[in-house]
Amino acid sequence: MYGGYYGFGFFDPTMILLVIGTVLSLMASAGVNSTFSKYSRVRSTTGMTGGEAARRLLQSQGIYDVSVRAVSGNLTDHYDPRTKTVNLSDSVFGSPSVAAIGVAAHECGHAIQDNLGYVPLRMRAAFVPVANFGSKLSWPLILLGLLLGGNNMLTQIGIWMFLAVVLFQLITLPVEFNASSRAVRLVDQLGILSGQEVSQTKSVLGAAAMTYVAAAAASVLQLLRLVILFGGNRRRD
């Protein structure tokens, strides 16, 4: 029986790992929303919008093949290397706030990474198909293995596929931190932000980075839980 894996009747002590991961993710999400909201009300002294700042940053680095465009949604900002576009959400593209400029600069940081052939970014791009494949099949295989009486082979394959998802999230961390570092440095050097504004945008990007850290931590904890459960199942065999 599935409950037999735990050794505590119907109580699964490994659920604490999921709880910790969930709490970390919720705290990080609340932190970025709160920080962005706070500094989205602080107008930059230059009055430059996120879209204008993005174009200025790209031009300063000699990047003219990347376009900047507005996309719908809230905090849906991203850089797409396939279409060479910096996509900025409504709350960023037309806003002259410190928060908007920080987010726009961060996405430009990814465009700069792409232009320079930044190795971790290339690694992440190459890992995307593997991670997508793993995210789609890992849980179905794990659940199928359990339904078939704890089939070790299916469960093990599912866990290995989930490992691919975890590795992708870990590879993402240096990419995101590096993009933020480039962003803060450039908005300061170019005078897009100055003085206290630089520290404020650093706070925004720091809070955003924590969401990636929390997601990676939650996935690692989930993987640990699966390994514990799978290991217990294997020993019973």
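In this predicted model, Ile16 is partly exposed, with a relative accessible area of 46%. The residue is found in helix α1, which spans residues 15-39. Ile16 and Gly47 are separated by 31 residues in sequence. In space, their C-alpha atoms stand 47 Å apart.

A second pair of positions involves helix α7. Ser203 lies in this helix and is 167 residues from Phe36 in sequence. Beyond its sequence neighbours up to four places away, Ser203 touches Thr35 and Tyr39. With a relative accessible area of 34%, Ser203 is partly exposed. Gln200 is also found in α7. Its relative accessible area is 11%, so Gln200 counts as buried, the limit being 20%. Outside the four places on either side in sequence, Gln200 is in contact with Tyr39, Val42 and Val98.

The protein chain as a whole contains seven helices and three strands. From the N terminus, the order of elements is α-α-β-β-β-α-α-α-α-α. The C-alpha atoms fill a box of roughly 65 × 35 × 25 Å along the principal axes. Of the 237 residues, 46% are buried. Among contacts with a separation of 6 or more, 72% join residues 24 or more positions apart. The accessible surface comes to about 12,000 Å². Carbon and sulfur atoms account for 64% of that surface. The chain carries 18 positive and 12 negative side chains. The centres of these two sets lie 5 Å apart.

In soluble globular proteins, nonpolar side chains tend to be buried together. Here, the largest nonpolar core holds 33 residues. Within this core, Leu58 and Val86 touch the most other members. Two or more residues each are given by α1 (15-39), α2 (50-60), β3 (85-89), α4 (98-116), α6 (152-189) and α7 (196-236). Helix α4 supplies the largest share, ten residues. A separate core of seven residues lies apart from it, with Ile159, Phe162, Leu223 and Leu226 among its members.

Neighbours within four places in sequence were left aside. Val86 is then in contact with Leu58, Val66, Ser67, Val68, Arg69, His78, Tyr79, Glu107, Cys108 and Ala111. Leu58, one of these partners, is the residue named together with Val86 for touching the most other core members.

A search of the whole structure returned one aromatic pair. The pair is formed by Trp139 and Phe162, with ring centres 6.0 Å apart. The ring planes meet at 65°, so the arrangement is edge-to-face. Trp139 belongs to helix α5 (residues 119-147) and Phe162 to helix α6. The pair therefore ties together parts that are 23 residues apart in sequence. Trp139 has a relative accessibility of 30% and counts as partly exposed. Phe162, at 8%, counts as buried. Phe162 is also among the residues of the seven-residue core.

Two residues other than glycine were noted for positive phi values. For Leu75, phi is near 55°. Leu75 lies in the loop between β1 (67-71) and β2 (78-80). Its relative accessibility is 31%, so Leu75 counts as partly exposed. For Lys84, phi is likewise near 55°. The place of Lys84 is in the loop between β2 and β3. Lys84 is partly exposed, with a relative accessible area of 28%.

Key: Residues numbered from 1 in each chain as written. Predicted model: local features only at pLDDT ≥ 70, side-chain atom pairs only at ≥ 80, totals over all residues. Heavy atoms only, no water. Core = buried A, V, L, I, M, F, W, Y, C linked by side-chain atoms within 4.5 Å. Buried < 20%, exposed > 50% of the residue type's maximum accessible area, 1.4 Å probe, protein only. Helix = DSSP H or I, 4+ residues; strand = E, 2+ residues; numbered from the N terminus. Contact = heavy atoms within 4.5 Å. Areas by Shrake-Rupley, 256 points an atom, 1.4 Å probe, with all protein chains shown as cover. Lys, Arg positive; Asp, Glu negative; His and termini not counted. Charge placed at Lys NZ, Arg CZ, Asp CG, Glu CD. Phe/Tyr/Trp six-rings, centres within 6.5 Å; stacked < 30°, edge-to-face > 60°.
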